[in-house]
Amino acid sequence: MAAASSLSSLLVSSMALTSPIFQSHCLNNTTCKRGTTMAVSLQTANKPVIHHEKPANKQRRVVVTGIGLVTALGEDPDVFYNNVLQGISGITEIEKFDTSQLPSKIGAELKSFSPEGFVSSKLAMRADNFMLYLITAGKKALADGGISDEVNGQLDKTRCGIIVGSAMGGLRIFYEWFENMLILSRRPNPFSVPMAGNNMGCAALAIELGWMGPNYIINAGCATSNHCILSAAGHITDGITDMMLCGGSDAGVHPIGLAGFASCKALSKRDCDPTKASCPWDTNRDGIVLGDGAGVLLLEELEHAKRRGARIYAEFLGGSSSADAYHLTRPHPDGIVGCIEKALAKAGVAREDVNYINAHAPSTQVGDLIEFAALVRCFGNNMELRINSTKSMTGHLAGATGAVDAIATIKAIQIGWVHPNINLDNPDKAVDMNLLVGSKKERLNIKVALSNSFTLGGQNSSILFAPLHSE
């Protein structure tokens with residue numbers, strides 16, 4: 001049953017806004033509530049965006065004090081962000097397994113990842129890759145945040161928690177389990193279930209750290225990381241915890257992942273030109289490119305962070321999640337708009353203060369345009385607004401993608417540069433290049449940044465960050 005659940009999860013946790021085979025009529029004739037038909041416009045709507053003032057009561061503030069990641073573009077935040085600022089693509093031909101019989105042969109593969117120094121040799125032999133990425137990124141976030149073993153020993157561990165999700169879980173472990181089951185003389189690996197379950201990365205990391213606060217995962221497909229970040233921040237603002245590790249991890253560059261997404265025509269077919277394959281908003285976009293990795297944020301209550309002299313990257317202002325309640329594969333434009341509006345209202349942010357958006361934009365024909373139209377509806381033709389998509393370089397990291405996008409957003413706030421949109425050689429006529437970042441990095445003094453993640457089934461998420469300002 002666990003194996004069936006994992007494979008089922010793979011199908012429903014796939015990339016948001018993807019498959020053309022399911023979305024062929026989405027832009028022009030979207031079937032809405034119970035048989036009615038709605039024309040989807042890519043023009044700015046006249047309907048104003050409604051915002052509500054943030055409640056006057058004093059709330060515990062949440063800040064980012066550490067970041068850790070494992071990606072094809074680097075495992076150090078500075079190295080990673082320098083690479084994306086230069087417009088370097090991490091998408092290559094896959095080398096770690098034979099792709100000759102597979103429909104796709106490219107991905108943002110981790111070429112030289114090693115968990116040594118972060119994961120014990122015994123656990124490294126038993127665990128699935130997504131767990132190794134998660135634990136490594138989590139420990140990197142702690143180190144980046146100044147949480148040494150000595151500091152960790154002084155923390156109130158009942159007020160420290162971990163919520164790092166995974167969309168696909170242990171594909172490699174389950175694949176090996178099935179292979180062994182086909183040979184009657186072999187017994188299943190006794191570690192198959194505990195080393196493949198989506199929750200086990202968080203559990204293993206908590207055991208090592210001794211953290212006894214909230215510890216669970218959220219699986220919301222490609223929106224997994226943002227949901228985990230939102231939930232983790234909620235525990236801090238509610239006064240339950242002082243410190244949370246949160247984000248996502250996935251290892252989808254695997255024969256099961258490639259075959260599954262290719263069968264529903266979600267993957268790019270540009271195997272001959274890997275670095276050009278992911279091209280959000282370009283007329284030649286033809287699907288996502290899978291990537292492996294993890295992203296983890298260390299969130300902390302502001303006063304707690306100040307007391308220990310922590311470096312503060314940015315403040316987490318809030319966000320929202322929502323459901324289209326509409327279709328398994330087709331996104332509803334109003335759902336994205338509603339999620340963004342709700343995020344702004346909950347965070348008490350005026351739309352004119354948002355001047356940077358790290359879009360979901362996975363390089364799909366339908367999804368890129370629906371999201372862009374929603375952004376125009378929410379923010380109008382604000383010429384100060386700059387929009388980009390990190391996926392043109394990282395590929396789509398499934399459950400990890402939101403956290404890696406969030407780290408790119410946080411680094412942009414920290415250093416004042418936003419990365420380019422690479423491969424945007426022939427922009428779609430429906431997008432406004434006055435809003436999109438061009439082929440080179442751009443200087444930007446960010447006031448408020450929005451990061452979006454959406455997924456199949458219409459599960460939406462939007463989160464907001466800003467430089468820390470005193471009250």
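A charge sits over a ring if NZ of Lys or CZ of Arg is within 6 Å of the ring centre and within 35 degrees of the ring normal. By that rule, K441 lies over the face of W417, at 4.6 Å from the ring centre.

A word on the ground rules: this is a predicted model, where local features need pLDDT of at least 70, side-chain atom pairs count only at pLDDT 80 or more, and totals for chains, interfaces and linings use all residues. Residues are numbered from 1 along each chain as its sequence is written, and side-chain values use heavy atoms, leaving out hydrogens and water.

Let's turn to the sheet.

Now for the aromatic rings. Rings of Phe, Tyr and Trp (its six-membered ring) pair if their centres lie within 6.5 Å; planes under 30 degrees apart are stacked, over 60 edge-to-face and the rest tilted. Three such pairs turn up in the whole structure. In one of them, the centres of F316 and F465 are 5.4 Å apart and the planes stand at 65°, so the pair is edge-to-face. F316 belongs to strand β9 (residues 314-323) and F465 to strand β15 (residues 459-466), 149 residues apart. Both are buried, meaning under 20% relative accessible area with a 1.4 Å probe, protein chains only; exposed is over 50%, and partly exposed in between.

How values were computed. Helix = DSSP H or I, 4+ residues; strand = E, 2+ residues; numbered from the N terminus.
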